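Please read the points beside the sequence and the model.

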Amino acid sequence: MFKGGVRNARVITRTSVRYHQTGTSESELSHFNALAKSWWDVNGPQRILHKMNLLRMDFIRDNIRTHLKLNPQDVKPEDEVYIPPYNVDLLPKPIKENIILDQELRRNEILGANKLKVLDVGCGGGILSESMARLSFVESVQGIDLSPEVIEAAKAHKLKDPMLKDKLTYNLQSLETLQETFDVITLFEILEHVDYPAQVLLEALNRVNVGGWLFLSTINRDFISWFTTIFMGEHVLNIVPVGTHTLDKYINHGEIESWLKENGDKFKLVDSKGCIYLPSYGWKFTSNEKVGNYFMAIQRIQ
Amino acid sequence: MLTKRFLHSFRDVVVVGGGPAGLSILTALKNSPKTSHLECSLIEGSHITKIKEFDDPNYTNRVISLTTKSIKFMQKIGNWNYIDQERIKFYDNLFVVDSQDKDANISFTNDSIDYNPMGAMCEILNVQKSLLLRLDDINSTTENKAEIIENVKVEDIVNPPLNEELDWPIIKLSNGDTIQTRLLIGADGYNSPVRKYAGIESRGWQYDSFGIVSTLTLTTEDFNNVGYQRFLSTGPLGVLPLTDNNATLVWSTKAWLSKILKSVDDDMFKVLVNAALRLDEVDLNYVYKKLEVDPKDTSVIDDINWRLEEMENKKEPSSFWDDDNEIPEVETLLPGSRAMFPLKMSHADTYVAPRVALVGDAAHTIHPLAGQGLNMGQTDVSILIETIEKGIDRGLDIGSTLTLEPYVSNAWPMNHAILGVCDKLHKLFGNDFTPIVAIRGLGMKVFNNLTPIKDMLVKSLSV
């Protein structure tokens, strides 16, 4: 079914499994264990991650909401939401606002009737998991990670917000041991920290329901990435703890793209965006996903 | 442990203060489809809902100028429909003169730009009433109602013990209740207890000045929708139109003068307003000196009238004063409407802290000379609601500083600029040192002819 893999050579030749098959190496683990305590300090060492989470949530929300089918086949004509066949910006403002409000309400309706089951792979302290769990159109979120300390930090922080109580669970577990399938699976900032990224991606994609989404982010393996994430981020500006990144684990956008194409009939790369961190501003989307950090939205079409 | 928890009730948002800013943020939260699910309460020390029954035909003395921008926001959150339209007055011209240089004046109009009108004079009570009615309207259509807890004071705001999981602030009320809230919004005025709880520093100063307000009737009905403001060295004096021949007075004066103005009776005060709108500062100072000795000295009235007549006779056929720019003349003073308050400027270092946001006077107090106080509060509310909506979209905890930070970066700099400009204007015009008078006169003349820049200012203040 799936041919090849991301960065074929390394994945295929190295067969020894040190931890779990889809897990991270021990040195990665001890690094993240050490970070667990400060994970939720929004002004602490993980501030940049908290800021990135804002962009992740925009990316996820926009993709899920804009790709909804607003008028399903069986809808009565009088119940149809008007979708102008041209740019709504051309319309007078009040009309434009009404059309957009109408569409937004329909989206809420559709999402409200089919709430999503979410899996956050490599949830860390739960920054993304908590945000996903607070969304009104999310039914439940399961966060998994292999670092016991961060899972403990995540569980402890969850108690600080009563609205998460029934929607969010955390498990110290690896991806391949999960039997369930999900509407949304997230793999944010994970692939560059694991030894077998293709394996992880494959395991994740296999657990996405038809029509469901896989969102991921990782980093292109180029000079810009080394300069921004390792040289500047870790060593000069100290905005990321030293040792967070390893350059040869970075994966180019094109590698995932072509891998997806080879395995293409089931999955579609719907959206990808580059992003960059600007000190004193935060993260910002760029128009070039082939340089530095990038996000991807992959939808299962069948 | 369990019993202790049940002592508090829980909310998503608690607003402290039922002024226009507090009621606006409550209405905005309940109006937005993104935030209407939040459980919100407002705490107010007075019997605020009785404002809904207010229908005294006389104008109240707390009148503000609503900018077009504020009106748009009120339309958005829906309370504009509940504004008593018979009690507001649109005006489209503001005429500003310098007492020490007759030719130095600025005429703010919006003729050259397509904004019409410039603003609306409106009682604060009218704004509050419209918000309360709008909230009733919203509450009638939903189960999750906005709650107003009135006649109740905030006794204390404390943090929960460190070993508790929930780090939400606990508000202790004078009726013995305690509420624990995810987000606490301070709309509680200049001495904001919420700001003090959050440990946010507010910086500023008292001017050696007082503002005097009063409701007036003028001899002429409706002076062409023109607001009139005269900068005296003791502070600016504004007469702003209300409906028919009603008007409202905002007179900022130095402390020594405010003492005199407070001690005179209504008849004398009326004459003094007319004098201060017209006479030279030398004449005014003479009059003030006489009144300082005896505030009941009625010969002063004759003296003023004589001086005004003299002035009228000397008036050149037509300098700037054509019919459109008639100086308003006060006919009567609404008894009991005269009130005085100290003027100050203050600005909080930030508007947010963990689980806290400040709006309105809790965040900034401003010199009333440009009538920006309430409008700045409306802008705060409009930015804060957008910030909270964005936080909800992103699944954030709305009490987290991560959610609230954009509110500060979007609201603080503009407020600081407005505060700074008004402070500088106050200081610039409170001066009678000749070179400064000359330079500011030149500046005003130049400014009056720089239509694009003037439009920009009108736009930024009113739209």
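1. B:Cys122 is buried, with a relative accessible area of 0%. A:Cys275 is likewise buried, at a relative accessible area of 4%. Here buried means under 20% relative accessible area, exposed means over 50%, and partly exposed lies in between, with a 1.4 Å probe and protein chains only. Over all chains, a search of the whole structure finds zero disulfides, a disulfide being a pair of cysteine sulfur atoms within 2.5 Å.

2. On the basis of the work: this is a predicted model, in which local features need pLDDT of at least 70 and side-chain atom pairs count only at pLDDT 80 or more, while totals for chains, interfaces and linings use all residues. Residues are numbered from 1 along each chain as its sequence is written, chains are lettered from A and ligands numbered from 1 in the order in which they are written, and side-chain values use heavy atoms, with hydrogens and water left out.

3. Chain B contains an open sheet of three strands in the order 3-7-4, with antiparallel pairing. Its edge strands, each pairing on one side only, are strand 3 (63-67) and strand 4 (89-91) of chain B. From one strand to the next the twist averages 30°. Helices (H or I, at least four residues) and strands (E, at least two) are DSSP runs numbered from the N terminus, and two strands pair if DSSP finds at least two bridges between them.

4. Strand 3 of chain B is joined to the antiparallel strand 7 (residues 119-123) of chain B by five bridges. B:Ser65 has B:Met121 of strand 7 as its bridge partner. Helix 4 (residues 124-139) of chain B lies across strand 3 and strand 7 of chain B, at about 85° to strand 7. Contact means heavy atoms within 4.5 Å; axes are lines fitted to C-alpha atoms, for helices over the stretch in contact, and angles run from 0 to 180 degrees between N-to-C directions.

5. Strand 12 (residues 202-218) of chain B is joined by nine bridges to the antiparallel strand 17 (residues 339-348) of chain B, where B:Arg203 stands opposite B:His347. Nine bridges also join strand 12 to strand 15 (residues 246-254) of chain B, again antiparallel. B:Ser209 stands opposite B:Lys254 in strand 15.

6. Helix 2 (residues 20-31) of chain B is largely enclosed by the rest of the structure, because 11 of its 12 residues are buried. Among them are B:Pro20, B:Leu23 and B:Lys30.
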